[in-house]
Amino acid sequence: MKYAIETFDLTKKYKDFLAVDALNMKIEDKSVFGFLGPNGAGKTTTIKMLTCLIQPTAGTGKVAGYDIIKDPNAVRQKIGMVPQLVSLYGDLTVRENAELCADYYGLPRDLKEERIVELMELVDIKYAENKLVKQLSGGQKQKVSIVASLVHQPDILFLDEPTIGLDPTTKRILWDLIEELNSKGHTIVLCSHDMYEVELLCENVGIINTGTLAAFDTPQGLKDTIMEEERSQKNTRITEIMSKIRTESGMDEKALGELDNAIIDIEKEEGDFRELSVMINNLDQDLLEKISDIPLVFNVHQHKSGRLTMDISCTECAINDVLNFIIENGGNITSLSTKDPSLEDVFMKVTAKKQAEGD
Amino acid sequence: METKKIMWMLKKDLMVLWRHKPRLLSLLLFPIIMITLFGYGMGGELSNIPIVVVDQSNGAVTDATLNAIKNMDLYDVKDIISNPDEAKQMVMDGQVKAAIILPTNYDNLTDPQAKNVLIYVDSSDQMASTAVVPATQALFNQISNQIGIQKLEMMNAQTNLIQVQSANVASSAQSNQGVDFNNIINSINFQIDKLYGDVKYIDFLVPAVLAMTVMFSCMFGMGESIAGERERGELARLFMTPTNVSTVVGGKIISKLVIETGRALILIIAAILLFGIVIKGSMLLTVLLLVLGALCFVGFGIMISARVGTQEDYMQMVMPFAMPMMFVSGVFYPIETMPWIFQKIAYLVPLTYVNDAMRTVMLKGGGIGDVWIDILVLIGFTALFFGLGVTKFNRDI
């Protein structure tokens with residue numbers, strides 16, 4: 001099976017509101033897929049349709065090879081779901097909740113016991129197995145939710161914002177767990193607002209906006225696409241301006257040729273920039289001026305904290321060259337960071353674009 | 001596998017109940033409180049109403065009358081005095097609720113004049129005066145009858161007969177000859193019992209209160225059971241697994257029925273222990289009728305909770321059905337005494353049929369042959385509610 005999930009014009013309409021609009025999407029088997037989108041974009045609705053918690057209004061989908069409309073119970077047997085709102089019986093203990101789920105999935109008694117213990121140890125919640133779920137913290141509840149969702153060894157695990165409200169340590173534990181589950185062959189569908197989390201864990205990302213799939217690629221692919229789009233938009237604008245100058249300014253061909261060359265030079269020189277931020281603990285005016293004079297460096301700015309930020313050309317060894325220059329001139333670098341285009345930038349661009357189209 | 005799921009639902013509900021001791025306590029006490037409140041508050045007999053008797057003559061009839069008055073539970077004779085004005089003042093002062101004034105010629109059987117017994121009643125105490133007046137009237141009607149008989153006998157029989165009767169009264173003998181005066185007391189007792197004893201309101205009330213309690217706990221309980229679980233996301237967990245709506249509904253029904261049957265038994269035992277209720281018909285049939293009633297109201301609850309998303313919505317939808325049902329179904333008053341429109345509505349609500357069947361079995365000692373129509377109607381209602389409940393059940397979470 002190549003795809004764990006396929007949707008075919010999957011649609012959900014609530015009265016006049018179109019929550020998901022003819023969604024077509026394919027998620028590779030045994031991959032970690034990040035499902036992004038702004039609030040109300042249709043993420044949770046899509047997940048609910050794929051997990052057979054709600055019925056689509058039109059279209060259908062295949063999950064683990066089974067049709068979500070024709071064969072929902074077969075789908076349910078093959079999937080696990082960790083919902084946004086913890087769906088556990090608060091008045092039952094951790095173990096009782098896990099046992100209840102195991103029985104609902106029809107696990108044989110001997111296997112049930114073995115699996116529950118194994119999973120509780122995996123997510124590190126066994127120490128609280130006899131505690132009532134309502135007495136647990138948010139992170140502990142999420143862990144129990146994972147145990148309850150994995151007890152029947154599903155092929156596909158849906159996680160709807162699993163780390164929301166969790167402390168960084170618990171988040172990290174859950175991320176490790178997601179990677180471990182994936183390495184064991186589970187397909188993971190991760191619905192999240194945490195771009196860092198998605199970038200860290202997911203091989204593929206889909207961004208849904210106003211009910212349709214606005215972007216679908218690897219995280220790096222999405223970033224490249226955005227940068228490419230920006231470049232192409234800039235070129236289009238320059239071409240438009242040049243064409244206007246040609247027709248309206250009355251300049252002669254020679255002058256126009258020189259203008260073209262100048263623009264090409266500027267483009268070459270400016271190219272794409274990335275932001276470099278360095279902290280030099282023995283920075284003096286002389287060194288600052290020398291850094292500002294480096295040909296690759298533009299817009300040097302010293303903050304009150306003493307930190308320097310600068311735009312540097314995106315050439316292959318630009319960062320190397322700048323750092324070498326500072327060290328050779330006696331600068332003592334104590335920290336440094338670069339700012340690359342992030343998935344968050346992609347998200348903002350994709351959703352803003354969609355919004356503008358909608359307006 | 002489906003049985004296992006259903007058993008889990010029952011197990012889960014029982015475990016939750018066990019872990020919420022206040023809830024468990026209220027579940028067990030609620031029926032007892034209901035039966036006590038309705039029993040004592042609305043259906044209990046009045047007793048020990050303080051009265052004073054004014055005795056202005058002496059003789060066997062006076063003695064027998066005083067004894068009869070003292071023997072009635074309704075009265076608590078505070079004093080027997082001879083001054084009517086003083087008695088009236090006692091009523092006005094609130095020391096007693098009524099004063100029974102026996103006339104001066106009370107014991108004179110040969111006096112052709114009517115003997116006027118006067119009662120001063122504290123009419124500001126509506127409950128006491130309503131109870132005292134008819135009971136006292138009944139008592140003196142009976143005495144009057146007995147005096148009439150005596151007069152007839154005096155005209156037709158030997159003189160020594162009166163003496164024997166007097167002696168018998170004085171010794172309270174049980175001989176046939178003493179029947180006259182003893183009968184005064186016995187008959188009076190019989191009369192009073194009929195009004196406040198045998199035809200006790202509590203007897204009329206208990207079968208319907210049992211049914212009503214089951215109705216309330218089933219209808220309100222289903223709100224927590226389905227709408228509550230839906231609201232808290234617990235129902236979602238079940239629907240994430242390969243489980244059909246019918247299994248979930250089935251599990252909820254069985255769980256609720258087990259709990260409600262337990263409560264029904266507690267109710268019946270409480271009614272028997274607290275009020276000495278006698279079930280004239282079959283105990284088993286009584287329990288089965290309550291279980292059928294519970295099933296019907298659970299069905300109603302499922303029908304309502306099939307579409308609602310929150311417990312509050314559920315309660316808002318159930319109240320307009322539950323409260324009127326309580327009043328029109330003849331729990332407190334016979335349906336025949338209600339305005340015609342309510343009488344018609346009464347036949348549209350299932351509680352009416354549970355009440356009717358329960359009263360037939362508990363009060364009249366009826367068997368299944370006497371309540372089969374009620375049972376059929378209830379089965380019809382139940383089927384309708386479940387049919388609508390399961391088909392309209394919103395599985396979407």
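Let's start with the open sheet in chain B. Four strands form it, in the order β2-β1-β3-β4, with mixed pairing. Strands here are DSSP E runs of at least two residues, helices are H or I runs of at least four, and both are numbered from the N terminus. Two strands pair if DSSP finds at least two bridges between them.

Which strands stand at the edges? They are β2 (75–81) and β4 (118–121) of chain B; each has a single partner strand, so one side of each is left without a neighbour in the sheet. On average, neighbouring strands are turned by 20 degrees against each other, direction ignored. Axes are lines fitted to C-alpha atoms, for helices over the stretch in contact, and angles run from 0 to 180 degrees between N-to-C directions.

Next, one pair from that sheet. β1 (residues 49–54) and β3 (residues 98–101) of chain B run parallel, over four bridges. Val54(B) stands opposite Ile101(B) in β3(B).

Now the helices. α3 (residues 60–71) of chain B lies across β1, β2 and β3 of chain B, at about 145 degrees to β2(B). α4 (residues 84–92) of chain B lies across β1, β2, β3 and β4 of chain B, at about 165 degrees to β3(B).

A word on the source. This is a predicted model: local features need pLDDT of at least 70, side-chain atom pairs count only at pLDDT 80 or more, and totals for chains, interfaces and linings use all residues. Residues are numbered from 1 along each chain as its sequence is written, while chains are lettered from A and ligands numbered from 1 in the order in which they are written.

On to where the chains meet. Chain A gives 24 residues to the contact and chain B gives 20. Contact means C-beta atoms, placed from the backbone, within 7 Å. On the chain A side, the largest share, four residues, comes from α3(A).

How many residues of α3(A) are buried? The count is 10 of 11. Buried means 20 or more other C-beta atoms within 10 Å of a residue's own; exposed means 12 or fewer, and partly exposed is in between. Those buried residues pack against α4 (109–122) and α5 (138–150) of chain A, together with α1 (2–19) and α9 (234–240) of chain B.

Last, a hairpin in chain A. β12(A) and β13(A) form it, with five residues between them. Gly306(A), in the turn, has a positive phi of about 100 degrees. The two strands pair in the antiparallel sense over four bridges.

How values were computed
Two residues are in contact if their C-beta atoms, placed from the backbone, lie within 7 Å.
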